[in-house]
Amino acid sequence: MGIALLALWSLVVGVAVLALTLYAIYGIERIPVALAVFQYFPQGLVTIAVGVLAVEVVTAYGLWTLSEWGRLLGIVFALISFGTGMLTLPIGFVGVLFSLATVWYLTEKKTRSLFRSAPRVARGP
């Protein structure tokens, strides 16, 4: 159940990043100061948001299919989220806690045993 929720959460995060980016650029026409470098090229920010969505979809698929690479991607993105959450404290406090819980859950022995590596292909002599 927890893995399915993490897969769903990956999809939600990817869609939210793209939706908020589009809203900021085309809805309220405001780019945050921290991303001022994109002021004259907002399409670059949209491209990055589409990339984040694509990677989150791939991560969700990997988690859903219990692939080891999906688990590793989940851990990597939780660590990235932890780092960005630390930069936005106190607002990012909940994100930091969620990231730590995700890393703990995906590295726990019982959860780790559910994931499988891709089958190895036998090679000729």
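I am working with a predicted model, in which local features need pLDDT of at least 70, side-chain atom pairs count only at pLDDT 80 or more, and totals for chains, interfaces and linings use all residues. Residues are numbered from 1 along each chain as its sequence is written, and side-chain values use heavy atoms, with hydrogens and water left out.

**Entry 1: α2 and α3.** I looked up helix α2 (residues 42–64) and helix α3 (residues 68–87), whose axes (lines fitted to C-alpha atoms over the stretch in contact, with angles from 0 to 180 degrees between N-to-C directions) are 7 Å apart at an angle of about 130 degrees. The two are therefore oblique to each other, since angles under 35 degrees count as roughly parallel, over 145 as roughly antiparallel, 65 to 115 as roughly perpendicular and the rest as oblique. The contact (heavy atoms within 4.5 Å) includes Y61 of α2 and W69 of α3.

**Entry 2: α3 and α4.** I then noted that α3 and helix α4 (residues 93–107) cross at roughly 155 degrees, their axes coming within 8 Å, and they are therefore roughly antiparallel to each other. Among the residues that meet here are I75 and F82 in α3, and L100 and L106 in α4.

Entry 3: Leaving aside neighbours within four places in sequence, A60 is in contact with A7, S10 and L11.

Methods. Helices (H or I, at least four residues) and strands (E, at least two) are DSSP runs, numbered from the N terminus.
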